[in-house]
Amino acid sequence: MKAYTQHTGIVMPLDRANVDTDAIIPKQFLKSIKRSGFGPNLFDEWRYLDQGEPGMDNRKRPLNPDFVLNDARYQGASILLARENFGCGSSREHAPWALEDYGFHTIIASSFADIFYNNCFKNGILPIVLEEKIIENLFDLSAAEQALQLTIDLATQSIKGASILLDFEVEAHRKHNLMNGLDDIGLTLQCAEDIRQYEMRRKNAAPWLFRSV
């Protein structure tokens, strides 16, 4: 997993509450477990005018001109601004995979579904919770003719923009893991030598458990 320390990017405002994981990445795309290639189908049912299916050439599909992801102002956006209860619904890890594969590194919302919130940290995405009045102000700023750009500094837990200076909270162990690019596998590998030593001791103490059949 890539480390997250500081990120500067364009903000895309998704002005919808209770966005569930099936809206983020519809169920028909869950057959793959490669953790990549989901970006073109992010928000598929809102993003395109036709029915999306695995294997389609998305470059030839008709885009929904009314969906914010297709607005020219927000092309290349890497910070997603959302409303309350973002990521609700089923616990599919494909949702953060799709967001990360598209290019979103940060999600700012007034609240998140718990499992989705946890999955973001495990996949290198920083979810930030801010008060609703602050979220409302960010929506107003991001709706301007010129797209809003923010810098997220995880070390100082700050958000900076042209006229913005905000602080945010994040648990210490989650912050440490993101800044060091550690997912669950990475954390386990930090103890690789201890695990190897334990396996050797176990093999010496109970060799019959390790005999080949």
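Tutor: Contact here means heavy atoms within 4.5 Å. Keep that in mind for this predicted model.

Student: What makes helix 5 lie across several strands?

Tutor: Helix 5, residues 132-142, lies across strand 1, strand 2 (79-81), strand 3 (106-109) and strand 7. Its direction is at about 115 degrees to strand 2.

Student: How do you know that strand 1 and strand 5 pair?

Tutor: Pairing needs at least two bridges. Strand 1 (residues 6-13) and strand 5 (residues 149-153) are joined by 5 bridges, so by the cut-off of at least two they pair. They run antiparallel. In this pairing, His7 stands opposite Ile152 of strand 5.

Student: Why are strand 4 and strand 7 called edge strands?

Tutor: The open sheet has 7 strands in the order 4-3-2-1-5-6-7, with mixed pairing. Strand 4 (126-129) and strand 7 (164-167) each pair on one side only. From one strand to the next, the twist averages 25 degrees.

Student: Which residues of helix 3 are called buried?

Tutor: Buried means under 20% relative accessible area. In helix 3 (residues 94-102), His94, Ala95, Pro96, Trp97, Ala98 and Leu99 are buried, so each is under that 20% cut-off. Their cover includes helix 1 (21-24), strand 2, strand 3 and helix 4 (114-122). Just after helix 3, Gly103 has a positive phi of about 130 degrees.

Student: What makes the nonpolar surface patch?

Tutor: Trp208, Leu209 and Phe210 make the patch, about 340 Å² in area. Patch residues need over 30% relative accessible area, so these three pass that cut-off. Leu209 lies in the segment after helix 8 (192-205).

Methods:
Residues are numbered from 1 along each chain as its sequence is written. This is a predicted model: local features need pLDDT of at least 70, side-chain atom pairs count only at pLDDT 80 or more; totals for chains, interfaces and linings use all residues. Side-chain values use heavy atoms; hydrogens and water are left out. Helices (H or I, at least four residues) and strands (E, at least two) are DSSP runs, numbered from the N terminus. Axes are lines fitted to C-alpha atoms, for helices over the stretch in contact, and angles run from 0 to 180 degrees between N-to-C directions. Patches are made of residues with over 30% relative accessible area and no salt bridge: like charges are joined within 9 Å, nonpolar side chains (Val, Leu, Ile, Met, Phe, Trp, Tyr) within 5 Å. Accessible areas come from the Shrake-Rupley method with a 1.4 Å probe; for residues, only the protein chains shown count as cover. A salt bridge is a side-chain nitrogen of Lys or Arg within 4 Å of a carboxyl oxygen of Asp or Glu. Buried means under 20% relative accessible area, exposed over 50%, partly exposed in between (1.4 Å probe, protein chains only).
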